[in-house]
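Me: I would like to learn how to read a few features of a protein model. Please take them one at a time.

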Amino acid sequence: SNMDVDKSSFPSRLLDVLEAIAEAHFVSFDLELSGVPVKGQAKEKPGKPSLQERYLETKRAAEQYQILQIGLTCVKDDVLQGAYVCKPFNFNLSPILEERLDVDRTFSFHSGAAEFLLGVGFKFDLPFTSGVPYLSRDEAQLAEERAAARNDKSSFTDIEIKPEDVQALEFLRRVRSEIDDWLKTGKPSAYSVVIGPLDSNGDANPELNRFERRLVHQIVRAEYPNLVSIPNKGLVRVSRLDPEREEYIKAQRKREVHDRIVRQTGFRWIVEALCGNPPEGIDIRSFATTPGGVPGFVDLDMLKSRFNRAKHMIRNKKTALFGHNLFLDLIYFYKTFIGALPDTVDEFASLIHELFPIIVDTKYMATHNCGDINPQSSLEQIAEKLSEQQKPRVITHEHYNKYTDTTAFHEAGYDSMLTAEVAVRLSAKLELAGNYDHDELQNTIPPTPPDVDNESSTTNKKSKKKKKNKKSNATAPTPPAHQGGRFAHATAFDQLQDTLDVSEEDELKAPEREVGTVMPSFNSGFWKVYNNKLRVFGTQEGVAILD
């Protein structure tokens, strides 16, 4: 189906995903994992753990286990259809590093998670046989650093030869004399001399062992600055140093490593797009390959203009990210695609907030002000409760209809779509019910962004169709000045839609959309209550605040 993306179809589907992200009002995601933290294994003290303790427990698990599957649903606010249109995607993720990049990756499975996934019909072979590759930011940087170190001859560690290493000393003496003879006579070849083993024992194809090869390279590096040693079919060829050729080889190696990194980056192109960084260094022709990896017949100019348009829209757009029970998923997401997790939950909160200024946890929305008895809040339960709600209309794009007539609970793509439906319906329902009065907040209110007065000057398509929420803006306290930047546009991640100059009259004539029939606009007071808060049941704090 259009939704399932695997290793062979990824290159040709990447552009579709990038376009869906570029046009999205928000994106929801869900993960399937090879293991989750086992709660309270080592409880030192009775009572609920603190948020910091829960974070460390989850951090340890994220460092050990693997994301096996990731689901993304890109939701477009389609004014003409009067509906939110979902494009769900389901990716199996491969833990295997296919390219030779000098980066290690170790991962494990927790038997409880494996049992659960088997129970819901998860196919364990798929991540390994046809999963999409990925490389975190940290891994990519490490690969580049290690490649540079390999290219830098001064960084090699020398083998230490002791006086009692008689054979090694004899071998070195012989290598020196062969090189010196060649330099004097230019024989047997004027260009180079090949160093073989001490005695070939009548072997037709004698080879140096690894130790001997290292010794030859070492002696040339240390004692013959104008010569260079090159591996040659199990032997070592020594020739005169040609600086131009050396530079060319260095540049070529660097290019090869760069190409390997690009090929392995895989799913992280999508993560970067969500963070507002369009992909660089991708060959447009890769979009033209058929799922079998064969170049297809396509209009390259058309692909190029689609790609450029998507890149333009993605650049600096900070996608609003929705999920259900996001605390766990965000920690795994960061570890997998960005890099090392910090030691404190506060540092983590600010790092993730920098990447995604708008994060909404539907579990928090559903349990806001829930008192001290944790209500039932599984994704299925909430979706079930909201399924009768007619408005806002949430539909699936006609080409992405795998889930139209089937349920696939615990398939990441399906759960991400369920999350998207819940996000749209629940936010509209809560806004209609006025469930975000400031007096009922339990001291969880962050500084609120300023009212967006300059809307008419920076108006874009989206703000024209948004219902301004007068009620909430009226009660919003003004924040410290530094909060302004992110909200200076009509919605925090709309800056990229083509900016139109619209006069005040046009603004007034724009069709008003009734509260309860649309999601609240992202700059309304509504989101000040629900945005950037993650529900963490079973901890003292019960909630993690990201900004």
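This is a predicted model: local features need pLDDT of at least 70, side-chain atom pairs count only at pLDDT 80 or more; totals for chains, interfaces and linings use all residues.

Reply: Residues are numbered from 1 along each chain as its sequence is written, and side-chain values use heavy atoms, with hydrogens and water left out.

Me: Which residues touch the most other members of the largest nonpolar core?

Reply: A nonpolar core is a set of buried Ala, Val, Leu, Ile, Met, Phe, Trp, Tyr and Cys residues joined through side-chain atoms within 4.5 Å; buried means under 20% relative accessible area (1.4 Å probe, protein chains only). Here the largest core has 67 residues, and F91, F267 and L330 touch the most other members. A second, separate core of 30 residues includes C86 and M417.

Me: What is the strand order in the open sheet of 3 strands?

Reply: Strands are DSSP runs of E, at least two residues, numbered from the N terminus, and two strands pair if DSSP finds at least two bridges between them. The order is β5-β7-β6, with antiparallel pairing. The edge strands β5 (192-195) and β6 (227-232) each pair on one side only. Between β5 and β7 (residues 235-240) there are 4 bridges, and V193 has V238 in β7 as its bridge partner.

Me: How many disulfides are there?

Reply: A disulfide is a pair of cysteine sulfur atoms within 2.5 Å. The count is 0. For C74, the nearest cysteine sulfur is that of C86, 9.5 Å away.

Me: Is C74 buried or exposed?

Reply: C74 is buried, because its relative accessible area is 2%. C275 is buried at 4%.

How values were computed: Buried means under 20% relative accessible area, exposed over 50%, partly exposed in between (1.4 Å probe, protein chains only).
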